[in-house]
Amino acid sequence: MNETNETGMEPNYIFDDVPQVSPLITVSCCLAMSILYLSSLYIWNNKHNRDHPATVKRRFLSVTVVMLITPVFVYTFSSQELLDKVPFYNLLGLRWQGLLLAIVIPYLLTVLLFLGPLCVELQNDSIKLFMDIDFWKSSFRNILWIRNHIMAPLSEEFVFRACMMPLILQSFRPITAVFITPLFFGVAHVHHIVERLSMGMEFKTALLISISQMTFTTLFGFYSAYLFARTGHFVAPVLVHAFCNLMGLPDVQELWQQQLWKRILLIICYILGFVAWVFVLPLATQPSLYQNNIFWPY
């Protein structure tokens, strides 16, 4: 694990030049962080459902505490050689180098992925809602909107990406780490089945919805972990996560309610957006664009 760059002077990847940490240790830490995050949502003795303002506010507090605790795992179990080479806040994806590009490019990349759904929104004029200042004013006064589009992306990406990825990368190569950490993220969302059952939903229906949600969140987790590893920035997956929550799952039913010619054009937009995203993804996330040789080799 001591590859060098073209000059032959220094490793082109920080993790190449530090001792590996046992996979048992890093995976155990990630599992502990996942359990800690999940437990923080249920620590309160609360008779209200998950959408009640009292529940939401308490969960804001508990996940904030978790965000303060999880970096301790990274600092405690990382190799000292790595901590000597990289400032700890950089290890968490908090860097100035390449910050502007990390804000803009991954966001636009995700917009490209959602080209089809955005075209559907555009043709039925519902996208105009996002241009309405009153919409944003009411949104920022809505605690559920704040939870879904600010607090959830911020806390989940910090715990499941910024704190887990630096640990997993000390045991596995980058592409392997990208496929490992989202598994913790996806499984952590299975807890929603408990809430659905408590609300009286039939077990089979609750299970099916939860499995679908776990699948979607795991797939998103692959993308988010990839963005973190390639850009080396925490902000990239946070903004993308917020955008995906804003868009939600594509409304296929609305697509099929369109006139035939519109439906064909919109399906083409779906396909073009996805194909273009696949081709542009590796180019738009070149680590050198973001001055990132911490989490991915140049």
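Which ring does the charged end of Arg59 sit over? In this model, which is predicted, the charged end of Arg59 is placed over the ring of Tyr42, at 5.1 Å from the centre of that ring.

## Overall build

The protein chain contains 14 helices and zero strands, and when its elements are read from the N terminus on, they run α-α-α-α-α-α-α-α-α-α-α-α-α-α. Of the 298 residues in the chain, 45% are buried.

The contacts of the chain can also be sorted by how far apart the partners lie in sequence. Among contacts between residues at least 6 apart in sequence, 75% join residues that are at least 24 apart. The accessible surface of the protein chain comes to about 15500 Å², and 69% of this surface belongs to carbon and sulfur atoms.

## Aromatic pairs

A pair of aromatic rings is described by two values, namely the distance of the centres and the angle of the planes. The structure holds 16 aromatic pairs, and one of them is formed by Tyr223 and Trp277, whose rings are 5.3 Å apart from centre to centre, with 75° between the planes. This pair counts as edge-to-face, because an angle over 60 degrees is what that term requires.

Tyr223 belongs to helix H11, which covers residues 203-231, while Trp277 belongs to helix H14, which covers residues 260-284, and the pair therefore ties together parts that are 54 residues apart in sequence. Both Tyr223 and Trp277 are buried.

## A look at Met164

Met164 is found in helix H8, which covers residues 143-168. Is Met164 buried or exposed? Its relative accessibility is 0%, and so Met164 counts as buried, since the limit for that term is under 20%.

Which residues is Met164 in contact with, leaving aside its neighbours within four places in sequence? These partners are Cys30, Met33, Ser34, Val159, Thr181 and Phe184. A further comparison of sequence and space is given by Met164 and Leu92, which are 72 residues apart in sequence, while their C-alpha atoms are 9.1 Å apart in space.

Definitions and conventions. Residues numbered from 1 in each chain as written. Predicted model: local features only at pLDDT ≥ 70, side-chain atom pairs only at ≥ 80, totals over all residues. Heavy atoms only, no water. Phe/Tyr/Trp six-rings, centres within 6.5 Å; stacked < 30°, edge-to-face > 60°. Helix = DSSP H or I, 4+ residues; strand = E, 2+ residues; numbered from the N terminus. Buried < 20%, exposed > 50% of the residue type's maximum accessible area, 1.4 Å probe, protein only. Lys NZ or Arg CZ within 6 Å of the ring centre and 35° of its normal. Contact = heavy atoms within 4.5 Å. Areas by Shrake-Rupley, 256 points an atom, 1.4 Å probe, with all protein chains shown as cover.
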